[in-house]
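Open the model in your viewer and keep the sequence beside it. We will walk through it together, one region at a time.

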Amino acid sequence: MTTPNIIDSAPKPESLQLVSVQQTPSLTSSYGKVAASVIRPRNPIAMSLPGTYWQTTAQISRELVDDYNSLFGASGTVGHNSAPSLTAHITAFSLSTAMMAERDFPLPLLGMVHLQHKVWHMSDIPIGQPLRIATWAQNLAPHHAGTSVEIWVQIFDPTTAKLLWQSMALYLSRSVQLPGAQQLERPARQQFQPPPMTGLWDLPKDIGRRYGAVSGDRNPIHLSNITAKALGMPGAIAHGMYAAGRMLAGRETPAPYTWAIEFASPMRLPAKVAVNYHQADDRQFVTGWDARKDKLHFAAEIRLY
């Protein structure tokens, strides 16, 4: 059984300088800033994180939840009376992206690789009500393929200050090295042995555009072969968080619960993704792989508190 190997980390926003954002820049605006940075490239030596803690007020709209449910076929209490977990990520993602698109962020957003993602869904999240959203970066660290960084998000009830939801996303920049860092060896991995297939996802070539229409994440590498190849990719790939939403669909319960996903290889579009769901006590493990080549795409888990 393949299980996600999620790093053991805890949020550390203390002592960071608060940056209050009245209106979060759109993802399109942030990607435009990233495109401009190609003309003015950053230093390939990462020095330090900016030490800021970005915060804004937003809400998970009913329209977003309805569009999300239409895409993933989510059903049950979650998605009707409370927000699906991934809609919290979608709502906060533009704030995190705006932070990473700033010139003082040491890693270039263009070419950043999403390695893994963990969510603590601590309490049911209301739909259409104000939420306080905070994001920051921590633990800039050497990686065998470059430099990694954790991007954290926390979502609070603004009236009670209760923490409702938090996430940690681990990203890799292959183009930047930490000064003085020793070259790490690539960790040994066991050869992937596909488990019994319990389902098959048939991902059409436009699924990147469809998820982008719901999430607002219209990164060119997901939209078409033409736009992906313009950025040096062999072809369009599905969003990693689409895999997260697909594996969660119909399986979310009222809070609290956690979920995590580790990405192994991109899902080239169109794709046929074989999946295996395996229940073990309070955890459900989910594995996804290329149905034609037996190549691992992701390993994930959903766990009740």
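What follows is a tour of the sheet, then the helices, then a few backbone details.

A word on the ground rules: this is a predicted model, in which local features need pLDDT of at least 70 and side-chain atom pairs count only at pLDDT 80 or more, while totals for chains, interfaces and linings use all residues. Residues are numbered from 1 along each chain as its sequence is written, and side-chain values use heavy atoms, with hydrogens and water left out.

Let's begin with the sheet. It is an open one, built from 11 strands with mixed pairing, in the order 1-2-4-5-6-3-8-11-10-9-7. Helices (H or I, at least four residues) and strands (E, at least two) are DSSP runs, numbered from the N terminus, and two strands pair if DSSP finds at least two bridges between them. At the edges sit strand 1 (17–20) and strand 7 (199–203), each of which pairs on one side only. From one strand to the next, the twist averages 20°. For a detailed look at one pairing, find strand 9 (residues 271–280) and strand 10 (residues 283–290): they run antiparallel and are joined by eight bridges. Within that pairing, Val275 has Gly288 of strand 10 as its bridge partner.

Helix 3 (residues 85–100) touches strand 2 (52–58), strand 3 (113–121), strand 4 (131–143), strand 5 (146–156), strand 6 (163–173) and strand 8 (257–263). Contact here means heavy atoms within 4.5 Å. The direction of helix 3 makes about 65° with that of strand 4; axes are lines fitted to C-alpha atoms, for helices over the stretch in contact, and angles run from 0 to 180 degrees between N-to-C directions. Helix 6 (residues 240–248) also packs on the sheet, and its partners are strand 3, strand 7, strand 8, strand 9, strand 10 and strand 11 (296–304). Its direction makes about 140° with that of strand 8. Helix 6 is mostly covered, with seven of its nine residues buried (buried means under 20% relative accessible area, exposed over 50%, partly exposed in between, using a 1.4 Å probe and protein chains only). Those buried residues are Met241, Tyr242, Ala243, Ala244, Gly245, Met247 and Leu248. After helix 6 comes Gly250, with a positive phi near 80°.

Now turn to how helices meet each other. Two packed helices are described by the angle between their axes and the distance between the axes. Helix 2 (residues 62–72) packs with helix 4 (residues 207–215) at an angle of about 160°, and their axes are 9 Å apart. Helix 2 and helix 4 are therefore roughly antiparallel to each other; angles under 35 degrees count as roughly parallel, over 145 as roughly antiparallel, 65 to 115 as roughly perpendicular and the rest as oblique. The crossing of helix 2 with helix 4 is left-handed, meaning that the near helix is turned anticlockwise from the far one by less than a right angle, whereas clockwise would be right-handed. On the helix 2 side, Leu64, Asp67, Tyr68, Leu71 and Phe72 meet Ile207, Arg210, Tyr211 and Val214 of helix 4. By class, this contact has seven nonpolar, no polar and two charged residues (Ala, Val, Leu, Ile, Met, Phe, Trp, Tyr, Cys and Pro count as nonpolar, Asp, Glu, Lys and Arg as charged, and the others, Gly among them, as polar).

Helix 2 also packs with helix 3, at an angle of about 125° and with axes 10 Å apart. That makes helix 2 oblique to helix 3. Leu64, Val65 and Tyr68 of helix 2 make the contact with Leu86, Thr87, Ile90 and Thr91 of helix 3. These residues divide into five nonpolar, two polar and no charged.

Finally, some backbone details. Most residues other than glycine have a negative phi, and most peptide bonds are trans. Another joins Leu269 and Pro270, with omega about -5°; Pro270 is in the loop between strand 8 and strand 9. Ala161, in the loop between strand 5 and strand 6, has a positive phi of about 65° although it is not a glycine. Asp294, in the loop between strand 10 and strand 11, likewise has a positive phi, of about 55°.
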